[in-house]
Amino acid sequence: MSQVLHPIEQKILKTLAEKKNLTPEDLSEITKLSLDQIRRGIEWLKFKSLANVVESEKTLVTLGKRGNEASEKGLPERQLVNYLRSLDGYSCEMNAAKDYLKNEFGPAIANAKKNGWIEVHENRLMLKGYHDLSSEEKIIKTISKTPMGVSTDNFEDKDALESLKKRPEFIVLTSKKSALVGLTEQGMEAAKSVPDNIDFESVSETSHKVEPDAKVVRAIDVEAAAPVIFAAKSHPLRDVIDEVREIFVSLGFSEIIGSNVQSSFWNFDALFTPQDHPAREMQDTFYLADVKAKTIAKPDQIKKVSDAHKKGWNYQWQNEEARRLVLRTHTTCVTIRELADQKHDEARLFSIGKVFRNEKLSYKHLAEFHQVEGVVVGKNVTLRDLMGLQTEFYHKMGIKKIKFWPTFFPYTEPSLQSMIYNEKLGKWVELFGMGIFRPEVTKPLGIKNPVLAWGGGIERIAMLRYGLTDVRELYENNFGWLRSVPKCQ
Amino acid sequence: MPVVTLYFDRVKKILGRNVPKAKLVETLPFIGLDIEDETADHINVEYSPNRPDYSTDYGIITGLQGLLGIKLGMPTLKIKNGKNAIKATPTVSKVRPYVTAIEARNGKLDDETIRQIITMQEDLHNGLGRRRKKASIGIHDLEKIKFPLYYKTVTQEHSFIPLESDVSMTVKDILEKTETGKKYKHILEGHSKIPIIVDSDGKTISLPPIVNAKLTEMNVKTRNLLVEVTATDKNAAEGVLAVVANTLQIAGFELYSVKVTGAGNSTPVLKSRDLVLEPELVNKTLGIEISNQVIVKSLKKSRLDAKLRGKKIVCSIPRYRTDIFGVMDLVEEVALGYGIQNLAPTMPESVSAGERNRTTKTLETVRQIMVGLGYLEVMNFELTSKEILYEKTNKDSSKIISVADSKSQEHIILRDALLPGMMEVLSRNIHESYPQKIFEIGTIFEKGSSINEVVHLACLSSHKDVNFTEVKSVLQSLLKTGFNLTCDTIPQKEPMFVDGRTGSIVISGKKLGALGEIDPKIIDTFKLRMPVSGFEMRLTGLIFD
């Protein structure tokens with residue numbers, strides 16, 4: 001028996017094992033535990049499947065006005081017997097008894113006769129036989145001890161109860177709904193191992209301060225349910241961002257950070273996106289109202305970038321357009337600025353941050369989300385290296401099945417997209433994009449060696465990780481979800 | 001990205017070979033197309049706007065033929081000498097200087113071909129044509145036209161019957177009253193003289209870049225077409241014309257030149273151009289060792305022409321490939337022709353040990369301490385609404401920073417504080433159990449001479465017994481545990497907090513934030529039924545730069 005039983009449970013089990021089905025009130029009565037303790041005990045036993053409770057309807061018997069009198073003076077037939085015993089010869093004339101008993105005379109004669117206590121000869125009453133307590137008297141006596149009432153089930157002599165019922169004002173029957181507690185089979189089994197001596201006294205309630213005369217620390221029910229509390233924690237999306245960051249660091253990448261607000265120059269022009277390109281239109285990009293960048297880049301950088309635009313795209317490049325402030329549409333603007341300013345010959349860099357798109361929010365689109373981007377600068381780096389790094393990144397994320405397809409990005413050539421097989425969804429999902437920065441991007445900014453670049457949205461990974469179908473859920477900050485979603489998936 | 005519908009029965013016919021459906025579906029992504037959806041009789045694919053030649057099934061099938069090895073090399077435009085001409089008058093120079101044209105004869109049109117051509121036209125308008133601003137196309141029934149054509153300007157009183165109309169309309173009315181007129185009239189804004197193409201009978205055939213005339217509308221019975229392109233950029237005009245000409249040639253039309261003259265215009269020469277490719281660049285960039293022959297074959301599979309010249313490769317690029325800028329674009333063409341699936345990933349040797357940014361590390365410390373203090377992290381958007389940021393909180397909105405033309409009213413203002421968004425979070429979670437303790441670390445934006453980005457930390461605690469002291473304890477503990485700093489809390493009325501229970505957070509004489517019990521009026525506006533206390537402070541400048 002692995003279950004630890006509280007003394008209250010033990011008492012109830014033992015009692016029920018003997019008496020079968022009882023009401024909580026009866027249990028309280030028998031065990032001398034408070035009704036509150038009994039109710040708690042029953043709940044515990046129910047939880048452990050040791051007891052069950054059947055709702056039932058019971059008829060309770062209490063004493064009426066004349067019943068109360070009878071409990072003091074005895075029933076009329078007893079009064080008659082007592083009267084007769086007080087007389088010499090244990091007999092009297094009918095009339096004498098009639099005077100003594102008044103209204104009760106009739107029933108007294110009838111019941112005394114039924115009980116075999118008296119005989120009637122001519123006009124005379126005579127005592128006879130033994131005068132043990134009659135069934136009716138026993139009933140009155142039982143009820144008088146329990147003012148709350150006694151269930152009719154407790155009386156075996158149903159005829160006696162019936163006859164008392166017929167005698168006005170002796171007993172009152174009220175019906176009452178009641179719960180009847182009984183033991184299950186396991187309960188019966190458990191009751192067998194309850195010791196005869198249930199010890200309420202010589203145990204300590206706490207383990208840290210054992211009372212001097214206590215023999216043992218009271219065992220408690222270690223299986224009982226405990227209240228739910230919530231651990232404070234970081235946001236689930238933050239955890240994915242941190243995981244991605246850790247993977248980049250483990251692959252030898254160093255983190256760079258940059259502003260959310262960028263000039264169009266670094267967000268678009270430096271990446272060879274022509275000023276009349278549809279991607280630069282307001283319907284796709286958030287431009288800041290009423291404010292422009294003061295200085296955007298070094299004069300030499302501006303000149304060379306604008307020259308590349310004129311040559312490649314054949315249009316009039318406008319400085320004013322490059323000064324417009326945008327909420328960055330990718331983190332590439334941070335990377336390219338770092339590369340243009342620092343002129344690394346060899347480097348592994350990455351950047352994680354918010355990017356913005358002028359989108360209507362939907363289950364698959366947000367107006368702002370996180371993006372990660374990594375670059376490798378090196379004399380001998382190749383497209384296959386880029387694919388290898390990407391593969392390694394996915395392996396570290398626990399993604400095994402990967403394939404590559406060609407795609408188009410304005411500032412990389414060649415460009416690829418990676419597809420990963422998602423086991424949960426059972427299909428291929430497009431994830432990170434990658435490519436080698438175009439010479440039209442690197443040359444004007446004085447970047448000599450090839451630059452491998454790759455990256456994508458982090459919310460998409462988080463959705464796959466947490467099994468979400470609506471990307472907006474990540475930003476709802478619903479405590480129900482935040483508190484319950486496991487840290488490790 | 002634009003979408004093209006491929007019907008399998010058409011594909012089979014144009015491809016010239018019966019290729020199993022599965023093979024087609026498998027190959028499409030390897031010419032750079034994304035599969036949208038697939039049904040029994042067709043498949044929808046998305047193409048990148050840099051490849052306008054993929055704007056019809058004809059173009060896509062041309063690409064497929066290469067990769068499947070059915071047809072290799074560059075499709076050449078066979079342009080015969082035509083007799084017809086178009087003359088530009090100098091007045092167009094100010095508004096839309098360039099015109100170019102070609103004839104496509106003896107072809108057949110069915111409903112699907114017409115649909116494909118119209119889709120191509122729209123995609124070209126939006127992409128290369130920059131929403132018709134840079135270039136726009138008119139395709140006409142050649143038989144309805146009496147040559148020569150004149151490209152000239154007229155006043156807005158000029159009238160003709162435009163497409164999708166039965167009555168003659170003035171240019172003014174077309175611009176003001178029709179759908180396309182309203183959509184594109186901005187391109188002609190500021191010009192009193194409007195460009196127009198008329199035939200030698202004086203009949204209008206086109207009002208570029210707005211609409212064609214009803215007169216020359218093509219239908220399934222049309223056999224001979226005139227394609228004209230008007231533009232602000234001559235190069236763009238010819239690029240667009242080359243895409244259309246190439247597509248119509250694949251569709252079975254014969255091409256005839258149209259003589260273009262006047263005002264700096266000339267007859268288009270839709271010739272291929274050559275680029276010299278060093279094989280070493282290909283191998284070095286892709287990380288492979290393939291022979292020059294394989295490079296040549298790969299380029300041909302990408303529907304370019306290539307031949308060896310000494311140790312170099314001369315590559316010919318058809319005029320319609322406007323996406324090829326230089327040799328690196330050819331490297332990609334080799335990769336595609338060679339097959340991306342044939343490139344095995346490799347791991348480059350690492351040259352460096354990686355590390356997190358210092359700011360990231362510091363913020364991670366702050367986050368860990370806040371979690372240790374029992375606070376749950378929340379993440380809100382940086383773009384929010386005026387209502388949450390200012391109206392519900394009664395904060396000063398004089399330095400509001402808004403974005404232009406947001407598609408969503410809830411994401412239009414850059415936040416200048418974290419607490420309003422966090423109050424909104426509490427407001428959405430009133431059904432969840434208390435105590436509720438949350439924190440956020442995030443960027444806020446300040447308007448000065450420019451826009452300043454500052455990292456803030458804010459926290460809120462809400463339960464029935466919350467008070468000032470609780471959050472002051474949290475603040476003290478954070479600063480001490482994380483950075484061995486102490487702070488003063490100076491009595492001062494602060495926005496969002498209730499007078500008498502609020503103060504400024506001052507560290508080393510510098511004010512960095514505020515703390516206190518949230519004003520019950522603000523608690524009301526957020527429909528909360530529990531008291532709330534909290535603080536917000538800047539981290540930039542305190543624990544990192």
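How many residues apart in helix H5 of chain B are B:Asp173 and B:Lys177? Four, or about one helical turn, because both lie in that helix, which covers residues 171–177. Helices (H or I, at least four residues) and strands (E, at least two) are DSSP runs, numbered from the N terminus.

This is a predicted model, where local features need pLDDT of at least 70 and side-chain atom pairs count only at pLDDT 80 or more, while totals for chains, interfaces and linings use all residues. Residues are numbered from 1 along each chain as its sequence is written, chains are lettered from A and ligands numbered from 1 in the order in which they are written, and side-chain values use heavy atoms, with hydrogens and water left out.

Stop 1: Select B:Asp173 and B:Lys177. They form a salt bridge, with the closest N and O atoms 3.5 Å apart. A salt bridge here is a side-chain nitrogen of Lys or Arg within 4 Å of a carboxyl oxygen of Asp or Glu. B:Asp173 is partly exposed at 27% relative accessible area. B:Lys177 is exposed at 57%. The classes are buried (under 20% relative accessible area), exposed (over 50%) and partly exposed (in between), with a 1.4 Å probe and protein chains only.

**Stop 2: the domains of chain B.** Colour domain 1 (3–67), domain 2 (79–261), domain 3 (273–339) and domain 4 (358–538). These bounds come from an automatic or database domain assignment. The centres of domain 3 and domain 4 of chain B, taken over C-alpha atoms, are 57 Å apart.

**Stop 3: two long-range pairs.** Select B:Arg10 and B:Asp57. Their side chains meet in a salt bridge at 2.7 Å, N to O. B:Arg10 sits in helix H1 (residues 8–15) and B:Asp57 in helix H3 (residues 57–67), 47 residues apart. B:Arg10 is buried at 9% relative accessibility. B:Asp57 is buried too, at 0%.

Now go to B:Lys80 and B:Glu254. This salt bridge spans 3.4 Å, N to O. B:Lys80 lies in strand S4 (residues 79–80) and B:Glu254 in strand S15 (residues 254–257), so the pair ties together parts 174 residues apart in sequence. B:Lys80 is partly exposed at 41%. B:Glu254 is partly exposed at 29%. Over all chains, the count comes to 58 salt bridges.

**Stop 4: where chain B meets chain A.** Show both chains. The contact (heavy atoms within 4.5 Å) takes 80 residues from chain B and 88 residues from chain A. Together the chains bury about 7300 Å², 56% of it on carbon and sulfur atoms. Buried area is the accessible area (1.4 Å probe) that two parts lose on being put together, summed over both.

Six salt bridges cross this interface. Several elements of chain B each supply at least two residues to the side that touches chain A, including helix H11 (358–372), strand S23 (436–447) and strand S24 (451–462).

Next, select A:Arg238, B:Glu364, B:Arg367 and B:Glu377. Salt bridges link them in a network.

**Stop 5: a buried helix in chain A.** Select helix H18 of chain A, residues 458–466. Eight of its nine residues are buried, so the helix is largely enclosed by the rest of the structure. Among the buried ones are A:Ile458, A:Met463 and A:Tyr466. A:Gly467 follows H18(A), with a positive phi near 65°.
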